[in-house]
Amino acid sequence: MERIWAYFSWWDGLLLGGLLLCTAVLIGFYWKFYRPVYKRKDTTAAETESPDGSTPPATDGPGISVVISGQNQYDSLKKNLPFWLDQKYAAYEVIVVYDYADDDLNLLLNGMEDPNERLKCVQVNQNINFFDQEKFSLSIGLKSAAYPYVLLTSAECRPENQDCLQHIAASIGDDTQIVAGYSLYPAQQGSALARYFHDERILQSLGLILAGKPCAASRHALIYHKDIFLQHHGYTAFYTLNSGNYDVFAHYLTAPAEAGALAAKAARLRYTSRLSFGRWLREERQYLNACNWRPGAARKAGIAYRYALFGYHLFVIGWLLYTLLARFPEGPYCLAAIGLFAALILTKGLFQTIIHYKAHRQLGESRLWWGAPCFEWIYICLFPFWTLRRKQVRRPGKRKKRP
């Protein structure tokens, strides 16, 4: 044994120690933030399902207002709005905010079949140059909501089934102020690479909330309590932040328990638009902006994960080059080094594969887990694109605790 260790230099110790540290950080991140997504028992369906297998309309849950920004969304609303109006849940309404000058959309909404009179149309005749149009429209719609909880979503999204709102309502507790759901792209709506990392953002957002470190989530499946949103003047507190479709809501909360995560497949939404590669790059950068916006445990965990991911691949490449170019002829060294490094790589790969398989299956996307080790190399090549520059904005104060 001493003869074998004699072949190792301080370069070997540096590469092996760095790989060991990065592997430990990645495994710890997967265990702490991905595992809760699939370990949390989904009791919503069991609690609401009737003996004959159907799901009867709920009448005692909290009222929900679905707010959709209809600006330039004629085709999407024509395709998806009927699914929202066909929900079995009793206490809900659908609010569409659109430009008063859009005559085609006005005709579509007026002619939309709405037997239960749940559709409410809100026309706006103004625009603010410095404010994101979708955020402005959603804020107007939220103020018009008649129910205490508001589901903000996009015209490009629709519920998977008629029981979607019922499952969402069942996840809202007495102290819940914000609930984060998720939306998936079907297989034909984007490349496997873009959809995989879209699902990764979902897993990280839901996992951070379930671990008690809420930070940001997709606005296209986010439920706010109306009062907490209006209390902080909506999006005006961080209108300069380029967070795209991701809302930063941690500063709204006084306790992590006020945020909930909804990982039930029955409550998910579905995109009907396509996730192009360029759109994925833009959304990834916007998500990182949202996560880096607020300091704290969630931000530190995300930074540690990204740099550990980069460091892991860097140490693997460094070890391969060092072994092949400098130490390859040394037989004892090669056998010992290959054994140690292969053990770490296989451990990380096996753990990652199992965690991703279970987590993706929980979300209802069980065909992308296999790509985790391969897709990571592409992500690492694009890593500098997202990390070289970080947008700095003024942060609002944390919400005061209610008496």
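Mentor: A term comes first: helices (H or I, at least four residues) and strands (E, at least two) are DSSP runs, numbered from the N terminus. This is a predicted model, where local features need pLDDT of at least 70, side-chain atom pairs count only at pLDDT 80 or more, and totals for chains, interfaces and linings use all residues. Residues are numbered from 1 along each chain as its sequence is written, and side-chain values use heavy atoms, with hydrogens and water left out.
Trainee: Where is Lys39 placed?
Mentor: Lys39 belongs to helix H2, residues 10-39. Lys39 has a relative accessible area of 47%, so it is partly exposed (buried is under 20%, exposed over 50%, partly exposed in between, with a 1.4 Å probe and protein chains only).
Trainee: Which residues make the nonpolar surface patch?
Mentor: Ile317, Leu320, Leu321, Leu324, Leu325 and Trp377 make this patch of about 610 Å². Patches are made of residues with over 30% relative accessible area and no salt bridge; like charges are joined within 9 Å, nonpolar side chains (Val, Leu, Ile, Met, Phe, Trp, Tyr) within 5 Å. A salt bridge is a side-chain nitrogen of Lys or Arg within 4 Å of a carboxyl oxygen of Asp or Glu. Areas come from the Shrake-Rupley method with a 1.4 Å probe; for residues, only the protein chains shown count as cover.
Trainee: Which helix gives the largest share of the nonpolar patch?
Mentor: Helix H11 (residues 297-327) does, with five residues. Trp377 lies in helix H13, residues 372-381, and is partly exposed because its relative accessibility is 37%.
Trainee: Changing topic, is Glu117 buried or exposed?
Mentor: Glu117 is exposed because its relative accessible area is 70%. Glu117 sits in the loop between helix H5 (103-110) and strand S3 (119-124), and its phi is near 55°, a positive value in a residue other than glycine.
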